[in-house]
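Please open the model in a viewer and keep the selection panel at hand.

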Amino acid sequence: MMETALLALTEDELNTLVSIAIRRAEVSDDVNSPTASDAWHEVMVYEERIASITRPEEITGGIARVGAVRAALAAGQRLEAARLASLYLAEEALPLERRVAMERAFERDREHRARRFSALARTGRLAELDEWRATASRHPRVFPVAA
Amino acid sequence: METVAFYSYKGGVGRTLLVANTAQFLAMSGRRVVALDLDLEAPGLHQKLGSRDVLDRAESGTLYGAVDELLDTLENEPRKRSLRETAIEVDLPSGTKGSLLLIPAGSAPSKAYWAALERLNNSLRVQRRNGGLLEAVLELQAHIADEFAPEFLLVDARTGITELGGLATSILADRVVCLTTTAPESVKGTQVVADALRAAPRLSSQKPLRIDFLITRVPPGPTRSPNVSRLMEELGGSVALLPHDSGIAYEERAFSMWRPDRSPNSGDDEYAGAGLLSATLNWIAASFPGHKEDAERAQRRMGAVYNAWQYLTRTTERRRDQVFSRAAWPLEQLAERVRFGTAEKSRQADIVVYDSLAGAPTSKPLMIIEYVDNEDRDAVSQWWLDETGAKVVAVLSSNWDRRLYSSSGTWDLRPHRSDRRDFPLPHDFEALSDPTDVSVDALLDAVRRGHPEYLERIVTEWARASASGLHCGAPWKPDIAKKIVDGLARVDAVELARRVLWAAAAESRPRGMWLGDGDDWLDEQVHAELFAPLLWRLPPEASIKLMTGDRRPYGPPEGASAIALLARDTLGLRYDPDATFRVEGQRILERSGFDRDADQDRGLYKLAPAFKHTEITFEISPDLPPLAYCTVDDAERRQPSDIGSLVSERIAANSLVTTGLLGDYQPRVGRVVLYSSAIAQCADKLALRARHVGSVTLIHETLHALAHLGRDLDGRMWPEFALPAADTPLFEPSWFHEALTQYFTYHHIVRLHDPALLHAFETMSAKQSPAYRAWRRFRDLSIEDARSWFMSVRRGTGAATPWSALFNPMREES
């Protein structure tokens with residue numbers, strides 16, 4: 001559920017904020033800041049809000065939908081990225097180039113993780129891990145598990 | 001590859017040690033094993049499995065491990081390090097088919113390690129969107145599988161509820177071994193964790209998680225006490241028990257966690273453990289089934305090496321319910337699993353004892369211990385002696401089969417196989433030219449050179465050699481027993497002699513360590529045939545020091561029973577001051593019409609001082625003897641004469657006396673006194689040793705005391721049979737007292753089989769007054785006849801017997 005303050009923002013205001021948030025997240029990435037993930041999460045929140053008030057065939061709407069998915073992946077929230085992608089891809093009006101962009105974002109993320117976790121990738125367990133996380137997140141647990 | 005995580009909700013349950021020992025056991029059973037330390041906040045696996053080099057690297061911060069691997073995975077793309085650079089091959093005994101690789105946590109506990117761990121935590125925060133700890137740990141596991149293809153990956157997991165602990169147990173592992181003690185907090189936590197693990201989701205390609213429970217440190221007592229049984233029910237699944245062993249608190253090392261079962265016939269308390277070794281090894285063998293023979297071989301090896309380590313390092317030992325301290329090897333001088341030799345030919349020693357700090361550049365091996373299976377042990381020992389120059393090589397082949405070798409000292413260093421079975425300790429290398437030579441001669445030599453630590457062993461050897469009897473059937477070696485008594489009797493140093501006596505005393509129990517449980521018959525034999533003879537043969541200063549030392553509460557002084565033996569065997573009397581007090585006190589009370597109902601015990605107690613003199617006391621006095629103050633010619637007391645001149649005059653005039661000059665028995669107080677200055681002068685002038693003159697005097701005066709204070713077999717005392725006090729003017733030796741006492745002194749010395757003592761007695765006697773020489777005329781008289789005459793004299797009827805003429809010293813004069 002989106003926060004009230006977020007709901008009160010206009011599209012222009014959201015565009016301004018998302019531009020600033022993107023810049024901040026990029027800088028955080030550059031300096032290897034532990035807050036980069038949070039910064040990308042903020043970007044995702046703005047993009048998701050913009051997407052909710054724009055139509056998919058609009059330029060702004062298409063960009064926001066792709067942006068929300070990319071930001072979720074950049075934040076390391078792959079489950080959320082997958083949820084958003086399935087939501088947006090279900091919209092028939094979403095242009096093809098946006099669909100391709102979303103798939104590319106997932107593809108790049110998979111490639112990146114496969115390079116980093118090469119041995120896991122060879123066993124096909126990376127994909128299993130995402131499923132496991134999804135299951136584990138719904139499961140009552142004793143041991144803490146990072147997102 | 002099967003991944004087994006060892007987890008405990010709380011620490012201190014023996015988890016890391018169990019990982020280390022399981023890893024070694026499996027490797028020694030021919031399996032390929034990787035041991036991974038994921039207890040990143042409190043790592044210790046490398047301490048259990050690492051060589052000295054590994055520990056040095058950890059200390060210097062150059063040991064790479066799991067933390068560095070995880071960092072490499074998270075920070076570098078592609079990884080910069082190869083896992084082969086990090087994994088350490090644990091050196092296994094020669095001939096082992098399996099392999100063991102150790103991946104430590106890192107250079108713990110150096111500062112570099114904690115810095116690396118902090119960096120890892122930061123990196124996990126920074127990189128979490130690229131994949132967190134979950135991916136990194138699984139990546140490490142996958143790398144291990146790719147690189148080494150082990151059969152088992154054993155993971156030491158983090159204690160408590162942590163993310164890493166959760167990952168290691170719930171998703172990394174195929175099997176979890178949950179360890180817990182019986183403590184309520186540990187059990188409750190384990191139950192919660194176990195429930196969580198059972199319900200935890202698995203990767204789609206994984207089989208269901210297997211959970212084994214181990215309840216450790218189970219208190220002694222019935223194996224399945226109600227508490228433990230309830231606990232096992234609550235935990236469910238596969239539950240095994242490991243008993244408590246306090247030894248863990250002292251030396252928590254791989255191999256040394258457990259004690260083996262008591263050897264069926266060893267009788268050695270040192271090996272009386274709680275069976276933890278067996279229980280644990282059985283658990284491992286059952287939990288990781290494989291080739292039975294390989295597992296049994298590994299089990300035998302671990303037990304044998306453990307026993308060796310335990311023996312070398314234990315600083316206390318329990319004997320007959322008492323704990324004694326023990327001179328063990330300092331841990332700093334020992335090293336485990338050290339490889340010697342060249343690339344072409346090398347062997348791994350299971351334990352090396354160094355002459356100084358192990359690992360120091362100048363330290364040299366003193367002793368090599370290796371477990372050898374299916375090899376020529378003589379050849380192996382030869383190789384070790386050639387290669388290392390160690391003085392001793394111990395070759396083990398099972399828990400109880402050891403062979404010790406030493407260099408023969410010849411030019412070709414041919415190994416000499418010893419009969420010794422126990423491992424030499426530090427004092428053996430110091431005291432024995434060949435530390436494996438524990439022959440009676442070598443031990444006696446070491447004792448005489450000032451090493452009393454061998455006394456217990458010698459006493460034990462004496463007991464073994466003489467422990468034969470009509471009922472025993474042990475190999476009887478009277479020549480060895482005699483050699484031991486004679487060897488110990490030659491000890492000159494007073495303090496050492498006192499320790500000899502103490503080791504042979506009835507109250508000294510250490511020989512139980514060698515001979516097993518106490519045996520009253522054996523105690524009596526040791527006392528009568530070893531302690532009592534030594535009491536009279538060793539320097540009298542030592543004997544008197546022992547007899548006048550601190551006495552035990554409610555007991556007679558040390559040595560009292562040896563005096564009682566002298567009374568019984570020589571004079572045919574009973575010496576028991578306590579019994580005398582009781583019997584005589586009772587008699588007095590009855591005569592006095594004492595109201596026993598009113599005051600039963602205090603009345604007797606009040607009489608005690610009156611009987612003090614019935615207990616013989618001993619003293620060595622530096623004062624001049626009574627005869628230095630008076631002469632037979634002069635009734636007046638005069639200035640003390642020079643003791644040297646007095647003794648010379650007496651010897652020249654053949655009028656040397658024992659009583660009043662060399663020693664004295666003071667009948668009023670029941671005290672035996674030896675006068676050290678007169679004894680020294682006498683010894684000097686007769687070319688004897690002072691200790692022998694002193695011993696003869698001690699025996700002589702003690703016999704006077706016993707003749708006075710001993711009771712007849714019918715219980716009667718004859719207090720009037722007392723010597724005249726030597727410090728009175730006109731003192732004349734009582735001829736029948738002295739003649740009889742000399743006769744019994746002679747016979748007692750003959751029984752002691754001490755030629756030096758007999759020579760001293762005869763030499764002194766030759767220069768003594770007629771009363772002291774009279775014994776020669778009836779030396780062949782049977783001791784029974786002599787006792788008979790002694791009894792009649794004691795009762796005041798002796799003068800009328802035909803023996804009186806024989807004993808009359810004037811007869812010799814005429």
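**A helix pair in chain B**

α4(B) and α7(B) are roughly perpendicular to each other, because angles of 65 to 115 degrees are classed in this way. The model is predicted: local features need pLDDT of at least 70 and side-chain atom pairs count only at pLDDT 80 or more, whereas totals for chains, interfaces and linings use all residues. Residues are numbered from 1 along each chain as its sequence is written, and chains are lettered from A and ligands numbered from 1 in the order in which they are written.

Select residues 66-75 and 133-148 of chain B, helices α4 and α7 (DSSP runs of H or I, at least four residues, numbered from the N terminus). Their packing angle is about 110 degrees and their axes are 9 Å apart (axes are lines fitted to C-alpha atoms over the stretch in contact; angles run from 0 to 180 degrees between N-to-C directions).

Next, display B:Ala66, B:Glu69, B:Leu70, B:Thr73 and B:Leu74 of α4(B), which meet B:Ala136, B:Glu139 and B:Leu140 of α7(B) (contact: C-beta atoms, placed from the backbone, within 7 Å).

**The sheet and its helices**

Move to the open sheet of 3 strands in chain B, ordered β17-β19-β18 with mixed pairing (strands are DSSP runs of E, at least two residues; two strands pair if DSSP finds at least two bridges between them). The edge strands are β17 (617-621) and β18 (663-666) of chain B. Select B:Tyr665 and find B:Val672 of β19(B) opposite.

Methods: Angles under 35 degrees count as roughly parallel, over 145 as roughly antiparallel, 65 to 115 as roughly perpendicular and the rest as oblique. Two residues are in contact if their C-beta atoms, placed from the backbone, lie within 7 Å.
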